[in-house]
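Morning, everyone. I have one structure to walk through today.

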Amino acid sequence: QVQLVESGGGLVQAGGSLRLSCAASGSIFSINAMGWYRQGPGKQRELVATITSGGNRNYADSVKGRFTISRDNAKNTVYLQMDSLKPEDTAVYYCNFRNYVSSWKIEDYWGQGIQVTVSS
């Protein structure tokens, strides 16, 4: 099992910035990925950004150039720096941790979610 503790988020005006953090603990495999997903009102959950234990990053097109994902492997913590926020970024943001247990088995863990609200 992997436990995730999210922090950050809140209310910000359009054009502002926020930083999300997510710390993982428990049964962490050396090959893994951490990331953020979000679910806006009336929408499906969607990928925001991910970063692997090797440092490979992936971003949704909608956040490229505005959001930056990073991680501290020593602390098993992932960060999401969100700049130039827009009202459409308003959503509940969920931290995800993925263990690559083997070539055919992965384990996904989710945080409880954290609200980000961007006012216009």
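Start with burial. The chain has 120 residues, and 42% of them count as buried. Keep in mind that this is a predicted model.

Now the fold. There are zero helices and eleven strands. Along the sequence the pattern reads β-β-β-β-β-β-β-β-β-β-β. The radius of gyration is 14 Å, close to the 14 Å from the globule rule for 120 residues, so the chain is as compact as a globular protein of that length. As for the outline, the C-alpha atoms fill a box of roughly 45 × 25 × 25 Å along the principal axes.

On to specific links. How many disulfides does a search of the whole structure find? The search finds one. Cys-22 pairs with Cys-95, and their sulfur atoms are 2.0 Å apart. Where do the two cysteines sit? Cys-22 is in strand S3, residues 18-26, and Cys-95 is in strand S9, residues 91-102, so the bond ties together parts that are 73 residues apart in sequence. Is the disulfide of Cys-22 and Cys-95 left-handed or right-handed? The S-S torsion is about -85 degrees, so the disulfide is left-handed. Buried or exposed? Cys-22 is buried, at a relative accessible area of 0%. Cys-95 is buried too, at 0% relative accessibility.

Now the aromatics. The structure holds one aromatic pair. The partners are Tyr-37 and Trp-110, in an edge-to-face arrangement. Their centres are 5.1 Å apart, with 70 degrees between the planes. Tyr-37 belongs to strand S4, residues 32-39, and Trp-110 to strand S10, residues 105-110, so this pair also ties together parts that are 73 residues apart in sequence.

Tyr-37 has 18% relative accessibility, and buried means under 20%, so Tyr-37 counts as buried. Trp-110 is partly exposed, with a relative accessible area of 39%.

Stay with Trp-110 for one more contact. Which residue puts its charged end over the ring of Trp-110? That is Arg-45, at 4.7 Å from the ring centre. The charged end of Arg-45 also sits over the ring of Tyr-94, 3.8 Å from its centre.

To recap the two links: a disulfide between Cys-22 and Cys-95, and an aromatic pair between Tyr-37 and Trp-110. Thanks, over to you.

Note on methods
Residues numbered from 1 in each chain as written. Predicted model: local features only at pLDDT ≥ 70, side-chain atom pairs only at ≥ 80, totals over all residues. Heavy atoms only, no water. Phe/Tyr/Trp six-rings, centres within 6.5 Å; stacked < 30°, edge-to-face > 60°. Helix = DSSP H or I, 4+ residues; strand = E, 2+ residues; numbered from the N terminus. Buried < 20%, exposed > 50% of the residue type's maximum accessible area, 1.4 Å probe, protein only. Lys NZ or Arg CZ within 6 Å of the ring centre and 35° of its normal. Rg over C-alpha atoms; globule rule 2.2 N^0.38 Å. Disulfide = S-S within 2.5 Å.
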